[in-house]
Structure formats: structure tokens, C-alpha cells
Amino acid sequence: MKFLVTVALALALLTLESVFVQQAGLVLGRVDVTVVLVAFLALRASLTEGACSAFAVGYLLDLMSGQPTGLFTFLAVFTFLVGRLVASFVDVRGPVAFALFAMGADLGHALLATFFTWLTVKEGSTALLFAGMPVQLALTGVAALLLFPLFKRFEVAQERPVGMLR
């Protein structure tokens with residue numbers, strides 16, 4: 001996927017995620033659509049395009065989350081790089097394999113985000129963050145199953161030469 005398409009898709013998915021979380025009344029969990037997008041980039045994008053796109057996706061999440069600035073930007077690029085490394089060892093072709101891959105990426109992302117939040121926040125407990133993690137992983141897996149065909153469609157549309165448009 002190209003950079004601008006990825007950024008526009010991330011912005012749309014973050015908007016839908018925030019509306020869904022608010023309407024569903026989720027307090028302990030959320031749908032981590034940005035990690036699903038970064039996981040797909042780790043599987044399909046080139047190193048430069050994927051790292052720049054992951055940076056932009058993480059920055060958008062930073063802007064919309066209210067967490068310490070730079071946390072999700074760093075974690076998105078780190079998740080992309082670790083995802084590229086893991087993708088060299090596993091074969092992820094179908095939607096179920098992609099959902100498992102995205103759930104693994106989300107687990108690492110959530111654990112690191114919880115750790116860094118614990119380091120920077122003076123008061124409060126991170127126990128609530130751990131309590132909501134199973135719900136978050138399950139919702140992210142469902143989102144990955146639903147978004148995989150959409151991501152594949154965008155990928156195919158980007159690969160089509162300009163002269164071949166119908």
C-alpha cells in the first residue's frame with residue numbers, strides 16, 4: 001500500500017474505532033486497528049515505505065490517544081520491524097493466519113505500551129490495562145479477520161499499472 005493510502009486508511013480506521021469503542025461502552029478493552037494495519041505493512045510493504053507508514057500511523061494514534069507523545073509512534077515502528085523479522089520465519093497468507101499474526105503483534109504492542117505507561121505515570125494502577133488485554137486481543141483478532149480482505153483489495157489496486165485502469 002502506498003503511504004498516502006495508508007495514512008488515509010489509518011485515519012478512517014481510528015475514527016471508526018473511537019466511535020465503536022464509545023458506542024459499545026468498552027472501558028477495559030479497545031480494538032487496536034492501527035496494530036492490524038502495521039502488521040499488514042510488516043507483511044507486504046517494503047522497508048522504507050513500511051517504516052514511514054508505521055511512523056505516520058503511530059503518530060496519528062499518538063494524536064488521538066492522549067498518551068505521552070511519541071509512545072505509539074515508537075511502538076508502531078518497533079512493531080513493524082519486529083513483524084518483518086517474525087514474517088521471515090512464519091508463512092502468513094490467509095485471513096486466519098493474519099489474524100493470529102496481528103494478535104501476536106497486538107500482544108507485544110500492548111505489553112510494551114503498558115510498560116512504558118507504567119514508567120511515565122506517577123499515580124494509578126496498570127492492573128486495569130492488564131485486565132482489558134484479553135478483550136483487546138480478541139477484538140483485534142476479529143478486526144484483523146474483517147480488514148484482511150480490504151487490505152488485500154487496496155494492495156491489488158496499488159499494484160495495477162496506471163494504463164490498466166478500467
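How many salt bridges does the count come to, if a salt bridge is a side-chain nitrogen of Lys or Arg within 4 Å of a carboxyl oxygen of Asp or Glu?

## The salt bridge

The count comes to one salt bridge by this rule. Asp 91 forms a salt bridge with Arg 93, and their closest N and O atoms are 3.1 Å apart. Asp 91 counts as exposed because its relative accessibility is 55%, and Arg 93 is exposed as well, with a relative accessible area of 64%. In these terms, buried means under 20% relative accessible area, exposed means over 50%, and partly exposed lies in between (1.4 Å probe, protein chains only).

## The model and its fold

This is a predicted model, in which local features need pLDDT of at least 70 and side-chain atom pairs count only at pLDDT 80 or more, while totals for chains, interfaces and linings use all residues. Residues are numbered from 1 along each chain as its sequence is written, and side-chain values use heavy atoms, with hydrogens and water left out.

The protein chain holds seven helices and zero strands, so that its elements run α-α-α-α-α-α-α from the N terminus on, where helices (H or I, at least four residues) and strands (E, at least two) are DSSP runs numbered from the N terminus. Of the 166 residues in the protein chain, 39% are buried.

## The largest cavity

On a 1 Å grid over the protein atoms alone, a cavity is a set of points where a 1.4 Å probe fits but cannot get out, whereas a pocket is an open set with protein on both sides within 12 Å along at least five of seven lines; lining residues have an atom within 4 Å of a point. Grid points are joined across faces, edges and corners, and a volume is the space filled by probe spheres set on the points.

A search of the whole structure finds one cavity of 30 Å³ or more, and the largest cavity holds about 50 Å³ of space. Its lining includes Thr 34, Val 57, Phe 72 and His 109. Two or more residues of this lining come from each of α2 (33-44), α3 (47-65) and α4, with α4 giving the most, four residues. The lining of the largest cavity divides into seven nonpolar, four polar and no charged residues, where Ala, Val, Leu, Ile, Met, Phe, Trp, Tyr, Cys and Pro count as nonpolar, Asp, Glu, Lys and Arg as charged, and the others, Gly among them, as polar.

## The second largest pocket

The second largest pocket has a volume of about 220 Å³. Among the residues that line this pocket are Leu 13, Glu 17, Val 31 and Leu 139. The elements that give two or more residues to the lining are α1 (3-24) and α7 (133-159), and α7 supplies the largest share, five residues. Ten residues of the lining of this pocket are nonpolar, none is polar and one is charged.

Helix α7 also contains Leu 137, which is buried because its relative accessible area is 16%. The C-alpha atoms of Leu 137 and Val 31 are separated by 7.8 Å, although these residues are 106 residues apart along the chain.

## A nonpolar surface patch

Phe 74, Phe 78, Val 82, Leu 85, Val 86, Phe 89 and Val 90 make a nonpolar surface patch of about 660 Å². Patches are made of residues with over 30% relative accessible area and no salt bridge, like charges being joined within 9 Å and nonpolar side chains (Val, Leu, Ile, Met, Phe, Trp, Tyr) within 5 Å; accessible areas come from the Shrake-Rupley method with a 1.4 Å probe, and for residues only the protein chains shown count as cover. Val 86 lies in helix α4 (residues 71-87) and counts as partly exposed because its relative accessibility is 34%.
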